Amino acid sequence: MSFTLSTDRSCDIFCGELDSRGIKYISQVYTIDEVPHQDDFDKNEDYKGFYDLIRAGKKPTTSQINIAEHEEFFERVLSECDGDLLHITLSSGLSSTYQSAVSAAKNVNERLGATRVYVLDSLGATCVQRLVVDEAERLRDEGMSAAEALKAMQDITKRVQVRFMPTDLMHLKRGGRVSGPAAYIGTALRIKPILCINKDGGLSIVTKKIGVGAGVSYMADFFKNNNDGCTKKVYLPCADNFEVAEELKSRVKEIRPDCDVEIGWVGPVIGAHTGAGMVGVVFLADKERDI
């Protein structure tokens with residue numbers, strides 16, 4: 001390997017799979033009923049149990065990885081591995097985790113007297129970040145240096161396309177992300193917002209559809225109209241809503257039978273904010289995000 005690859009757990013790849021792929025990781029913390037938990041999920045039951053708690057009315061919160069935690073992680077990884085380190089973070093548009101990692105890398109590099117730690121903003125989360133990790137792994141295995149891979153990945157991250165549909169407006173209300181009236185009216189009218197992760201890595205509402213079926217059709221059409229140059233891998237992020245995710249998978253496979261379409265869990269870091277039921281589509285295209 002030309003460099004060591006690492007990420008935070010917002011990529012929502014099972015811990016055991018990260019280990020088997022030689023990818024180091026730092027866990028994030030979510031809190032339920034004032035009890036902190038590490039995101040060390042490694043099986044379907046871990047994710048299912050998390051969403052069962054949400055459906056029971058629990059309101060999880062999340063916290064950032066601070067500078068000291070990043071420094072400790074970077075120094076440990078460098079002591080265990082040869083070569084430089086490329087670390088991939090949750091989007092800077094969603095969290096201060098990226099800036100914390102950048103500050104920590106600067107401190108570690110200054111102590112070492114050389115640039116050994118490189119930090120990449122994934123401009124995404126969950127399956128978006130997962131796809132970014134996949135691409136960085138490919139460059140690692142092709143023999144690129146960490147510095148070369150960082151430059152190449154800064155272009156790739158801009159071309160990861162994503163649309164997703166939260167389905168539980170009442171959870172968004174409980175978290176203060178939509179107003180009470182909007183949640184009640186939207187629920188009564190079966191309004192489903194369609195969101196994207198925009199050019200800056202933040203969230204933008206793209207449109208609103210009436211009913212889950214219309215939302216699925218919109219996301220399938222988005223894939224159909226934007227998959228030029230698409231890699232063979234397509235991820236469908238899913239917050240424990242597999243019936244709808246399977247419907248979207250069928251639609252995507254009809255459009256591109258050659259694609260490997262995988263339904264992937266949305267973990268607690270993002271699921272704490274979206275609630276149960278969210279479904280989306282994520283793929284790499286040959287053009288940058290248009291929003």
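Q161, V162, R163, C196, I197, N198, R289, D290 and I291 line the largest cavity. This is a predicted model, where local features need pLDDT of at least 70 and side-chain atom pairs count only at pLDDT 80 or more, while totals for chains, interfaces and linings use all residues. Residues are numbered from 1 along each chain as its sequence is written, and side-chain values use heavy atoms, with hydrogens and water left out.

A cavity here is a set of points on a 1 Å grid over the protein atoms alone where a 1.4 Å probe fits but cannot get out, and lining residues have an atom within 4 Å of a point. Searching the whole structure turns up one cavity of 30 Å³ or more. The largest cavity has a volume of about 40 Å³, a volume being the space filled by probe spheres set on the points. β8 gives the largest share of its lining, three residues. Strands are DSSP runs of E with at least two residues, and helices are runs of H or I with at least four.

Next, the hairpin. β9 and β10 run antiparallel and are joined by seven bridges; pairing takes at least two bridges found by DSSP. I197 sits opposite L203 in β10. Five residues lie between the two strands, and G201 has a positive phi near 85 degrees.

Here are the strands and helices with their spans:

| Element | Residues |
|---|---|
| strand β8 | 160–165 |
| strand β9 | 191–197 |
| strand β10 | 203–210 |
| helix α9 | 212–226 |
| helix α10 | 242–255 |

Note on methods
1 Å grid on protein atoms, 1.4 Å probe; cavity = no way out; pocket = protein on both sides within 12 Å on 5 of 7 lines; lining within 4 Å. Axes fitted to C-alpha atoms, helices over the stretch in contact; angles between N-to-C directions.
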